[in-house]
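Here is a short briefing to read alongside the model. Have the sequence and the 3D view open, and let's walk through them together.

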Amino acid sequence: MSRQPPALALWLLKQLGRASGNAPLVGDLLEEFDNGRSASWFWRQTMTAIATCAGRRVALLQTYWIGTALGFAAQLPVSLLLFRLGLPHAASGFGWKIAAFLLLIICMILIWVLSRWAFGKSSNGVKSTLLATGASTAQRPALICAAAFDPFVSTPLLYCFCCVLFSPAAFYSSGVLVLSEFVWLGAGEIATEFSSLFFQVLKSRRAEKEQAWEARAWPRLNELEVSLVSSDGAKFVLHSGACMETIFASANEELITALCKGGTSFEQIRRAIWLSGAAEFGWPRRNTKSRFTPVAVKKFARLLGAGTESERTAHYVTIGQ
Amino acid sequence: LRASDFFTIIEQMARQGSLSEFELLVMLALMRVGDEAYGVPISREIEQRTGREAALGSVYAALERLEEKALVTSRLGDPAPERGGRAKRYFKVTAQGLRAVRETQKALTSLWRGLPQLSGGNA
């Protein structure tokens, strides 16, 4: 690309592509920008794309929202009744407040376990199901129940926790109680949405790195076949028909050349691998027939990638000699 | 009437409903562009024919809805450097999609026909 789009818009767009899994949309916008569209056009399109994706996510989770709204509505009489009765009372000591907090955590875990036991999934599981496969007509009532269960049980529980910390009077009126519960529920939902997007972005970035790693131009096996003759006369024949991952398939050419120049024997190469930490991934198993030394290629290659090229060369030459 | 019946009715209504205006525009643009149809040419086609800007995000959202209804299919192309290494997503109208467009055309034409307000150009 000859021109650079606005950095913040591009960053937002990349995260959107990762979160929504819609990389082609990001590519289309970059292509159009490269064709001469203005920065303001790029910003406009980015904002529209974000709004559209958010709207689509809300629409896909329609069943979840229905369940949550029903659960919230169903718990209101319970919370209001407790409020009218002035229950539970505020705790006087700090220790009791800590105990209430621990009890709240335990109850939350129990709710999660109970939801999984009763409906086969938690409320977050409902979201994942809807986003991944959608809901068939037969599934929908069960998904609504699973989504409703969490706010139905946890909202009165949180009300009780607040009462123990402060007092029921802290809500001033039943109207304030309903409003604060609604704000609590909304804030929780927004936080959950952002955290799930955040983890989705992280997961996608990891996958991108893995792909870039796979796409790296590792030395080809037939190239290595020529150069690998050690000082003790052992020739390392590497061919694709062996279907075996070898250290040489992942090691860079520079390292191999350095090892060979130093008159490195097969045992010394093994030692170099061991010293560089390959033993962590399992001691190399020697195949007597072809002298292949299989190790976890990806991990070992990552290990070789550490440090600068000259540092690596110096290190391995020293070991080799 | 059970709860599941209620959802079935809603689902059927959504399926049987004709294409929305924007979905119809996207379908027609897709058919015009042909085999190499992806987001950019589709949105350009809409812009050229209608004179209004079609946001790529909206085009993709419409295409995804159409794909869910099995009216279009998509496949990923190869990554391209001018697109920051991202692949193109090519779309194609299915036989069911063609039928839906024809039905919408029929419905619109029959509504159009014989409207006195639109005949003679004196609205």
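Starting at the N terminus, the elements of chain B follow the order α-α-α-α-β-β-α. That makes five helices and two strands in chain B. Please keep in mind that this is a predicted model.

**Chain B by itself**

- Chain B has 123 residues, and 39% of them count as buried.
- The accessible surface of chain B is about 7700 Å², with 54% of it belonging to carbon and sulfur atoms.
- If you take the contacts in chain B between residues at least 6 apart in sequence, 49% of them join residues at least 24 apart.

**Where chain A and chain B meet**

- On one side 30 residues of chain A take part, and they are in contact with 28 residues of chain B.
- Together, chain A and chain B bury about 2300 Å² between them, and carbon and sulfur atoms account for 52% of it.

**Polar and charged pairs across the interface**

- Seven salt bridges are found across the interface of chain A and chain B.
- For an example to look up in the viewer, the side chains of Arg37(A) and Glu47(B) form a salt bridge, at 3.5 Å from N to O.
- Between chain A and chain B, 13 residue pairs are in polar contact, counting pairs with both residues at pLDDT 80 or more.

**The chain A side of the interface**

- Two or more residues each come from α2 (23-34), α3 (39-60) and α7 (140-165) of chain A on the side that touches chain B.
- α2(A) gives the largest share of that side, with 11 residues.
- By residue type, the side of chain A that touches chain B holds 13 nonpolar, eight polar and nine charged residues.

Key
Residues numbered from 1 in each chain as written. Chains lettered and ligands numbered in written order. Predicted model: local features only at pLDDT ≥ 70, side-chain atom pairs only at ≥ 80, totals over all residues. Heavy atoms only, no water. Contact = heavy atoms within 4.5 Å. Buried area = accessible area lost by both parts, 1.4 Å probe. Salt bridge = Lys/Arg side-chain N within 4 Å of Asp/Glu carboxyl O. Polar contact = N/O pair within 3.5 Å; in protein donor to acceptor, adjacent residues only side chain to side chain. Helix = DSSP H or I, 4+ residues; strand = E, 2+ residues; numbered from the N terminus. Nonpolar A, V, L, I, M, F, W, Y, C, P; charged D, E, K, R; others polar. Buried < 20%, exposed > 50% of the residue type's maximum accessible area, 1.4 Å probe, protein only. Areas by Shrake-Rupley, 256 points an atom, 1.4 Å probe, with all protein chains shown as cover.
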